[in-house]
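Here's a quick tour for anyone meeting this structure for the first time.

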Amino acid sequence: MQKNREMEMNEYIPSPIKWVADQVELYEGSGGTEGTTLGSRHGAWEGLQVIIVTNRGWKTGVIRKTPLMQVKDGNTYILVGSQGGDPKHPLWYHNLKAEPHVTIRDGINVYSMKVSEVEDANERIRLWQIAVKAYPPYEDYQQKTDRKIPGFVARPS
């Protein structure tokens, strides 16, 4: 019984959102040589770099993988929980709060990292400016929602 639970905990369950699952499959299946940019469904932002963040589900403990914009500050990654300006945080936000150890695939490179939510107001402003420069729609997303869009920094662990 314990062995079955361990196998379940190491199981990857793809996103129910088709384009997300398809992008992760292409990105990871190619070893990081394909699917590394936003696709045509993103209009003017097509071609911008994305990373894959692998983490554990906060309720299930199973492996989850999410494509996010590639936003870097030196050797750290900035992970923005924009959810397109929706009123709720993305599910991965709760995953990272519960378990800060993640893997980030950036093209062919894979890194073990530890995330922390950005709390300091000045640091948040500085990192937000970097994020908006990398992906300008973040600014529009913040205008669409009453929630403060969260940001995390991912550092090598």
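Let's begin with Asn 55, which is buried (under 20% relative accessible area, with exposed meaning over 50% and partly exposed in between, using a 1.4 Å probe and protein chains only), as its relative accessible area is 3%. Keep in mind that this is a predicted model: local features need pLDDT of at least 70, side-chain atom pairs count only at pLDDT 80 or more, and totals for chains, interfaces and linings use all residues. Residues are numbered from 1 along each chain as its sequence is written, and side-chain values use heavy atoms, with hydrogens and water left out.

**Around Asn 55**
- You'll find Asn 55 in strand β1, residues 50-56; helices (H or I, at least four residues) and strands (E, at least two) are DSSP runs numbered from the N terminus.
- Its side chain makes a polar contact of 2.9 Å with the side chain of Asn 95; such a contact is a pair of N or O atoms within 3.5 Å, where within protein one must be able to donate a hydrogen and the other to accept it, and residues adjacent in sequence count only if both atoms are side-chain atoms.
- Setting aside neighbours within four places in sequence, Asn 55 is in contact (heavy atoms within 4.5 Å) with residues including Val 62, Arg 64, Trp 92 and Val 102.

**The cores**
- The largest nonpolar core has 19 residues; a core like this is a set of buried Ala, Val, Leu, Ile, Met, Phe, Trp, Tyr and Cys residues joined through side-chain atoms within 4.5 Å.
- Two or more residues each come from α2 (18-29), β1, β4 (76-80), α4 (121-134) and α5 (137-144), and α4 gives the most, with four.
- Met 69, Val 71, Val 80, Trp 128, Tyr 135 and Tyr 138 touch the most other members.
- Apart from this core lies another, of 14 residues, with Tyr 77, Leu 79, Tyr 93 and Phe 152 among them.

**Where α4 meets α5**
- Arg 124, Trp 128, Ala 131 and Val 132 in α4 meet Tyr 138, Glu 139 and Gln 142 in α5.
- Not counting residues up to four places away in sequence, Trp 128 touches Val 80, Tyr 138, Glu 139, Gln 142 and Ile 149.

**The whole chain**
- The protein chain has five helices and seven strands.
- Of its 157 residues, 42% count as buried.
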